[in-house]
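Have a look, then follow the questions.

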Amino acid sequence: MEIRELNESDLESLIKLYEQLDGKNGDFNVEDARAIWKNEIEGNPNIKYFGAVEDSAKGQKVVSTCFVAIIPNLTRFGGAICFVENVVTDKNYRKQGLGKKVMEKAIEFAREKNCYKVILESGAWRTEAHQFYRNLGFDDTAKKSFLLKLKDY
């Protein structure tokens, strides 16, 4: 199992894994993902996808992942903010420490980018995930998150 930055060749496997996130990815397909990857993600030093990737006879499979965006900031002495989203581990690979390793990779990247904090959001109903984040050192009492949905999906 390799913990690494994901790339365009991982998109098909990544999109399949995201089906387990919340079931709200609809008909979004690899071609749609590839266009976004090429136009918005590839070459952007502040956006990364990290993952645990398994080698098998069928090729490489992303079994755990998170998305990271570094946001420049003009407070805290210019320390950037790291935003983590879409954390998911394949249901058949949970409880093996892969999610932890992927998140540690994201946190390491945040440190390299001089971030002063890492923030993430998690669905209110995902209580098992909340304990996972607490175990990584995230504090769910320090801030209050507000959400304004611009689209209903």
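Q: What volume does the largest pocket have, and what makes it a pocket?
A: The largest pocket has a volume of about 2,200 Å³. On a 1 Å grid over the protein atoms alone, a pocket is an open set of points with protein on both sides within 12 Å along at least five of seven lines, while a cavity is a set where a 1.4 Å probe fits but cannot get out. The volume is the space filled by probe spheres set on the points, which are joined across faces, edges and corners.

Q: Which residues are closest to the centre of the largest pocket?
A: Of the 49 residues that line it, those are Phe83, Glu85, Asn86, Glu121 and Ser122. To count as lining, a residue needs an atom within 4 Å of a point.

Q: How should I read these values?
A: This is a predicted model, where local features need pLDDT of at least 70 and side-chain atom pairs count only at pLDDT 80 or more, while totals for chains, interfaces and linings use all residues. Residues are numbered from 1 along each chain as its sequence is written, and side-chain values use heavy atoms, with hydrogens and water left out.

Q: Which helices and strands each supply at least two residues of the largest pocket's lining?
A: They are α1 (11–18), α2 (30–41), β4 (80–89), β5 (115–120) and α4 (127–135). Those labels come from DSSP runs, numbered from the N terminus: helices are H or I with at least four residues, strands are E with at least two.

Q: How many residues of that lining are nonpolar, polar and charged?
A: The largest pocket's lining has 29 nonpolar, seven polar and 13 charged residues. Here Ala, Val, Leu, Ile, Met, Phe, Trp, Tyr, Cys and Pro count as nonpolar, Asp, Glu, Lys and Arg as charged, and the others, Gly among them, as polar.

Q: What about the second largest pocket: which residues lie nearest its centre?
A: Arg94, Lys95, Glu128, Ala129 and Phe132 do, out of 20 lining residues. This pocket has a volume of about 540 Å³. The largest share of its lining, seven residues, comes from α4, and by class the lining has eight nonpolar, seven polar and five charged residues.

Q: Why is the contact between Glu2 and Arg4 called a salt bridge?
A: The rule asks for a side-chain nitrogen of Lys or Arg within 4 Å of a carboxyl oxygen of Asp or Glu. The closest N and O atoms of Glu2 and Arg4 are 3.4 Å apart, so the pair qualifies. By this rule the count comes to 10 salt bridges.

Q: What separates Glu104 and Lys100 along helix α3?
A: About one helical turn, because they are four residues apart in α3. Glu104 is partly exposed at 40%, and Lys100 is partly exposed at 43%.

Q: What makes the β4 to β5 crossover right-handed?
A: The chain crosses from β4 through α3 to β5. The term applies if, with the strands pointing away from the viewer, the path from the first strand over the helix to the second runs clockwise, and this crossover is right-handed.

Q: Is Val84 buried or exposed?
A: Val84 is buried, because its relative accessible area is 1%. Val84 lies in strand β4.

Methods:
Buried < 20%, exposed > 50% of the residue type's maximum accessible area, 1.4 Å probe, protein only.
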